[in-house]
Amino acid sequence: MKNFKSIFLGLFVITFSLFFVLIINTNAFSVDTCVDCHKDKKFRVQDKKVFDYFNKWKGSVHDIAGVTCVDCHGGDPSKAKKEQAHPKNLSPADASSMVYYKNIPETCGKCHEAVYVNFVKSDHYKVLKETGRGPVCTTCHGSLVTNVYYTSIVLSTCISCHNQQNQNHPEVINTAEQILHRLNVSQGYMKWTSIHYKKKSGELIKLNSLYQKIANSWHQFNFATTEKDSNKLLSEVKALFHEAYKGKKK
Ligand code: HEC
Ligand code: HEC
Ligand code: HEC
Ligand code: HEC
Ligand code: HEC
């Protein structure tokens, strides 16, 4: 009986201390004065822009992944006062700001390294650094990344700089459309196969990483290579799909 009591007491102490550790930790991580202040509904009337940006971020892939204002803007998210929280170079018009147009690839690239190392090899990046006018990550993805990369958005973005009028490689539109189409179709096949053909999960993992590699290397905007890679992916994915489909009919 005594034994039972001490086990019970021991368990109680352990549970209680775990509970405390948990509380302290969640508190330490949940201090984000940027979000706490910016979410205030009063900005809807007082400062519409501030409210709109918060609203776009809320529920975005980044919000869900725990990426917040400070990750793209800098500043100190432990300070409650605006003046202390905001970095000196907050405005996107300030050439040293993290979101100054020319600095955007570096800001996003901190986390999206695999994309970044490809992007810096592109003509787009070269033009950006030379003239300040090449497209950056946010030109195609949006700054708060609510509209990720649906084919239609991307194509309408490309057309504003690549068209018959300005003769700046208008042929890339067609090629881009085909590449993105292949990637989309491949993804559809892969989804079906992963549900119906568990046996081949090893092959699927390989195809998934090929897909990932193409999504990253696409950012070099060197389409000769990307065309070849996307064709290879689609034909391999199709072959596996047909095998799976036959297997299912049996
Ligand atoms: C106590 C409230 C408060 C806190 C804390 C706060 N902000 Fe702000 N923020 C504002 C207000 C109000 C504005 C509108 C412009 C102004 O009054 O300076 C603003 C404007 C901004 C802007 C737009 C700047 C521009 O030039 O248009 C950005 C970006 C921003 N805040 C990011 C942040 C980040 C990042 C943090 C945390 C590190 C943060 N804010 C913390 C209240 C706050
Ligand atoms: C993934 C990166 C990213 C995150 C996260 C992010 N922003 Fe931004 N934000 C940008 C970029 C890039 C710009 C500049 C381009 C633009 O205006 O679209 C910007 C611009 C702004 C502006 C307009 C500034 C101006 O003067 O034009 C405001 C306001 C703003 N952000 C507020 C916020 C707030 C508040 C949060 C957090 C709730 C936040 N942002 C989170 C990338 C981000
Ligand atoms: C602090 C790290 C961080 C920063 C800075 C950041 N991101 Fe992200 N981003 C993430 C994480 C984490 C995810 C969700 C997981 C994933 O898809 O990689 C994500 C997701 C995305 C996605 C969706 C990917 C998908 O497969 O659906 C896009 C597009 C994206 N980010 C673009 C940007 C752009 C553009 C910027 C700069 C304006 C930026 N990110 C800045 C960490 C970051
Ligand atoms: C000219 C347009 C364009 C620019 C500039 C651009 N992207 Fe993309 N990005 C795309 C398209 C289109 C896709 C979709 C490819 C696919 O189907 O996976 C994509 C895909 C992505 C993905 C998802 C990849 C995955 O894992 O599925 C991320 C993350 C991303 N881009 C981040 C960035 C970052 C960070 C930058 C800047 C360094 C950037 N992009 C610049 C058009 C662009
Ligand atoms: C803000 C303008 C702008 C946007 C938006 C843009 N581009 Fe470009 N792109 C350029 C410039 C400028 C060049 C460099 C042209 C040169 O040096 O001859 C270029 C070069 C290219 C090249 C290399 C062409 C070659 O054969 O050398 C490809 C491929 C390309 N872009 C694809 C795209 C695609 C696909 C999109 C949309 C997802 C896109 N671009 C969006 C401005 C843009």
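Me: Hi! Let's start with His219: buried or exposed?
Reply: One thing first: this is a predicted model, in which local features need pLDDT of at least 70 and side-chain atom pairs count only at pLDDT 80 or more, while totals for chains, interfaces and linings use all residues. Residues are numbered from 1 along each chain as its sequence is written, chains are lettered from A and ligands numbered from 1 in the order in which they are written, and side-chain values use heavy atoms, leaving out hydrogens and water. Buried means under 20% relative accessible area, exposed over 50%, and partly exposed in between (1.4 Å probe, protein chains only). With a relative accessible area of 14%, His219 is therefore buried.

Me: Which residues are the protein donors of the iron atom of ligand 4?
Reply: Donors are N, O and S atoms within 2.8 Å of the metal (3.2 Å for Na, K and Ca), and sites may look incomplete because water is not among the atoms. Two NE2 atoms, lying 2.0 Å from the iron atom of ligand 4, belong to His141 and His219.

Me: How many residues apart is this pair?
Reply: Helices (H or I, at least four residues) and strands (E, at least two) are DSSP runs, numbered from the N terminus. His141 is in helix H11 (residues 137-141), and His219 is in the loop between helix H14 (201-217) and helix H15 (223-249). The pair links distant parts of the chain, with a separation of 78 residues.

Me: What arrangement do the six donor atoms around the iron atom of ligand 1 make?
Reply: The protein donors here are His38 (NE2) and His86 (NE2), lying 2.0 to 2.1 Å from the iron atom of ligand 1. Six donors count as octahedral if opposite donors are over 155 degrees apart and all others between 65 and 115. The six donor atoms subtend angles of 84 to 178 degrees, so the arrangement is octahedral.

Me: Which helix gives the largest share of the shell around ligand 2?
Reply: A residue is near a molecule if one of its heavy atoms lies within 4 Å of it, and 16 residues surround ligand 2. The elements that give two or more residues to this shell are helix H6 (69-73) and helix H4 (48-57). The largest share, four residues, comes from H4.

Conventions: Four donors count as tetrahedral if all angles lie between 85 and 135 degrees; four count as square planar and six as octahedral if opposite donors are over 155 degrees apart and all others between 65 and 115; anything else is irregular.
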